[in-house]
Amino acid sequence: MRFKLTIEYAGTRYSGWQIQKNARTIQGEIDKAVRAAAGVDDLELYGSGRTDAGVHALAQVAHLDLTTSLPAETLRRRVNDLLPSDIHILRVEAVRHTFHARHSAVARSYLYQVSRRRTAFAKPLVWWVKDELDVARMRDAAGRFVGCHDFQAFSDDDPADKSTDVLIDTLDIHEDDDLILFHIEGSHFLWKMVRRVVGVIVDVGRGRQSADAAAALLAGSGDGVAHLTAPAAGLFLERVYYEGDPRNEPIRPAAIVLTAR
């Protein structure tokens, strides 16, 4: 059978999604738990995409090929009982074999959280920026990235191996008390792209460069972008969209930074 898994996880303790030798990963933990829960050695677990070390997910999607008589909900409960507390399977659904977690996806969205104050509680889930940030300037810069652009300068992917053209549908910036939330939605994303886009826009908010200068970095060499890469802690894979999925959900923070009283 093929199952669709929807997964949330805190990536702080892990070396990313993909199974690696001599490293603890999200895929590796789920693979191990499924084998024990279903009592099988033969399975295939395939994610919608890789998240890097320290990056989180609110709704990562994977498909699981598995020979089992267990109902989907029973499988979900058994696997969750065996997973670490920072990985949780939200849903398990039986799907057709034509469904593919990565190839069937039509869009993805990410959430990035910037905190305007030091926090004792949410440090692993935010990027605390000490400087004053001009949100209006940041929104101006964000608008320059919407549309189809060459993001070669914002990624370590080799353009000789894959296209670096990406369609960005929306890049919105919301304020939620002491949090600034970046919501970016697009066709797909390159390695490190979201963190570098956020880093450049924050640089604009600090007053260190203009919105025009930020936009001019598109299709550049990347030499002026890499050092602005935002930390992994604030980044969440928010949603993976498939044909027919609604795409109008409200933007909510993934972690609350308590307001001082």
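## Pockets, cores and rings

Let's start with a pocket: β3 (56-66), β8 (165-176), β9 (179-186) and β10 each supply at least two residues to the lining of the second largest pocket. Helices (H or I, at least four residues) and strands (E, at least two) are DSSP runs, numbered from the N terminus. A pocket is an open set of points on a 1 Å grid over the protein atoms alone where a 1.4 Å probe fits, with protein on both sides within 12 Å along at least five of seven lines, and its lining residues have an atom within 4 Å of a point.

Before going on, keep in mind that this is a predicted model, where local features need pLDDT of at least 70 and side-chain atom pairs count only at pLDDT 80 or more, while totals for chains, interfaces and linings use all residues. Residues are numbered from 1 along each chain as its sequence is written, and side-chain values use heavy atoms, with hydrogens and water left out.

Back to our pocket. β10 gives the largest share of its lining, three residues. The second largest pocket holds about 240 Å³ of space, a volume being the space filled by probe spheres set on the points, which are joined across faces, edges and corners. Its lining has 16 residues, and E238, R239, E249, P250 and I251 are the closest to its centre.

Now look at the largest pocket, with a volume of about 980 Å³. Of its 33 lining residues, G49, R50, T51, K162 and F189 sit closest to the centre.

Next, the inside. The largest nonpolar core has 74 residues, of which I30, F151, F154, F182 and I201 touch the most other members. Such a core is a set of buried Ala, Val, Leu, Ile, Met, Phe, Trp, Tyr and Cys residues joined through side-chain atoms within 4.5 Å; buried means under 20% relative accessible area, with a 1.4 Å probe and protein chains only.

Finally, the rings. There are seven aromatic pairs in the whole structure; rings of Phe, Tyr and Trp (its six-membered ring) pair if their centres lie within 6.5 Å, and planes under 30 degrees apart count as stacked, over 60 as edge-to-face and the rest as tilted. Y110 and F189 have ring centres 5.2 Å apart and planes at 85°, so they are edge-to-face. Y110 is in strand β5 and F189 in the loop between β9 and α4, 79 residues apart. At 11% relative accessibility Y110 counts as buried, and F189 is buried at 14%.

How values were computed: Buried < 20%, exposed > 50% of the residue type's maximum accessible area, 1.4 Å probe, protein only.
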